[in-house]
Amino acid sequence: MQSTAAVDPTSAGGISIDDLIARAADLKGELLAFAQSPRFARRLDALLVEAADHRGYLDEGTAVLVIDHFALQYRLPDGRTVVERFVAQRRPRLCDDEQQMMLGWRDIVEGCFEVRRFDGDAVELHNLLDDLVYRVYSNMGGRVFARLRTGMFVVGRLVPVHPATDAWLVSGHFAAFAKSARRQIVQVAVHELTAHPELLRRNPALLRRAWQIQAEHRTDFIAQVGSDLVVLPPHRAQETLREHYRRRRKAAAGLDGKAAKRAAATGPTPADLGRLPEELLSADSVAVVYDEVEGLNYYRDFGRLDALFADPTLAADRTSLAQLRGYLNDESVSPLAIRRLVQRHPDGADPVFRALLGKPGFCWSRDGEKLLYRHKKPFVDREPVPSISVVGERLADLLRTTR
């Protein structure tokens, strides 16, 4: 277990933590009013509708989280967040310290926390996801934590009080759970880590270990299939993946208990090992790519596009071009897929994209990355993280005692 403590948590630039929190409360109120103003109503309403259940019901806690996410993280058409727009447009202008405070709120920690201890108006929360301890306040005062007890659990979001402190604020709704909910919380934590490896980003030691494990898995995959990319019929691709996981489980079984505990990586349960998403099983082919940075990825009907780039005359078949356009426009598809097609068949890139875009002068070496940036900006801009998550010591302890 590591601690976040590195700077004075009690002040910033001579301003006391109490004054910072009071100012944060005022500014957060202004921001939420701005986020819920008519100018953003259509976008926010759509998100609230999407978050409702099948009956159209939306509980208060979920609504608060949706609005908080919208205010701090949602990207507007110009690429800015709502909080960035607020800081730029607020009149009178905020002072530098206030701007730093509000823009610092983009550094959000989402977690499953265990209550460690209380200290005045603050509570120390141990995040089971990144295995770090956070000193947390509320802009509504310490009474918010009155129902908490040591050993209970909290699920929620934190933002820094100010970048110059190591103090944190509850952001939006947080849910408290009794000690008896340990098994449930552990399951939620493992699920979140599996789905979102980027949650490790604040813990350098866990992040380094995750990169190391990913590199080991990739090396083993290459030894198994002869390359880090293989194009197969869906069911053969699925069996290849299952064999990969069988090999990894066998290798993991050779670790001694202490090493296994420290290196335990969250991943599919035995029943799910190697199972492809259902929509891929009806594909003509599936590319399984174990990239050095992006880890394990699957791409539907990659074989057809591979043939297109190998023989650009096939661009006369509009079906192949439509599929490539789908790769380009689909926000869930990493630019890795297109980059790999170009790497495999560099001579085919220019004629294929000229046919796709209707631009006779298109040149991949000059225009390719600009094209990907326009269509895949969130992928290009984000900090690389391993696709494998590593369990920290406290979560590993809880996993062992809840089995």
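Sort the residues that line the second largest cavity by class, and you get seven nonpolar, one polar and one charged. Here nonpolar covers Ala, Val, Leu, Ile, Met, Phe, Trp, Tyr, Cys and Pro, charged covers Asp, Glu, Lys and Arg, and the others, Gly among them, are polar. A cavity is a set of points on a 1 Å grid over the protein atoms alone where a 1.4 Å probe fits but cannot get out, and its lining residues have an atom within 4 Å of a point.

Before you click on, note that this is a predicted model, in which local features need pLDDT of at least 70, side-chain atom pairs count only at pLDDT 80 or more, and totals for chains, interfaces and linings use all residues. Residues are numbered from 1 along each chain as its sequence is written, and side-chain values use heavy atoms, with hydrogens and water left out.

**Stop 1**

The space inside comes to about 40 Å³, a volume being the space filled by probe spheres set on grid points that are joined across faces, edges and corners.

Now go to the largest cavity, with a volume of about 50 Å³. Select Ala-24, Lys-28, Trp-105, Asn-139, Val-159, Leu-169, Val-170 and Ser-171 to show its lining. Helix α1 (17–35) and strand β8 (167–170) each supply at least two residues of the lining of the largest cavity; helices (H or I, at least four residues) and strands (E, at least two) are DSSP runs, numbered from the N terminus. By class, this lining has five nonpolar, two polar and one charged residues. Across the whole structure, a search finds two cavities of 30 Å³ or more.

**Stop 1: an open pocket**

Next comes the second largest pocket, which holds about 390 Å³ of space. A pocket is an open set of grid points with protein on both sides within 12 Å along at least five of seven lines. Its lining has 18 residues, and Val-64, Asn-139, Met-140, Gly-172 and His-173 lie nearest its centre. Helices α1 and α3 (60–72) each give two or more residues to this lining, with the largest share, four residues, from α1. Eight of the lining residues are nonpolar, seven polar and three charged.

**Stop 2**

Buried means under 20% relative accessible area, exposed over 50%, and partly exposed in between (1.4 Å probe, protein chains only).

Zoom in on Leu-128: leaving out residues up to four places away in sequence, it touches Cys-112, Glu-114, Phe-153, Ile-185, Ala-189, Arg-394, Leu-395 and Leu-398. Contact here means heavy atoms within 4.5 Å.

**Stop 4**

Is Cys-112 buried or exposed? Cys-112 is buried, at 2% relative accessibility, whereas Cys-95 is partly exposed at 41%. The structure holds zero disulfides, a disulfide being a pair of cysteine sulfur atoms within 2.5 Å.

Select His-345 in the loop between α12 (336–344) and α13 (346–357). His-345 counts as buried because its relative accessible area is 19%. Beyond its neighbours within four places in sequence, His-345 is in contact with Asp-306, Phe-309 and Ala-310.

In helix α5 (residues 96–104), pick out Glu-98, Gln-99, Met-101, Met-102 and Gly-104, which are buried. Their cover includes α1, α4 (82–89) and β7.

Ala-215 sits in helix α7 and is partly exposed, with a relative accessible area of 41%. From C-alpha to C-alpha, Ala-215 and Asp-228 are 11 Å apart in space, and 13 residues apart in sequence.

**Last stop: the whole chain**

Zoom out to see 15 helices and 14 strands. Of the 403 residues, 45% count as buried.
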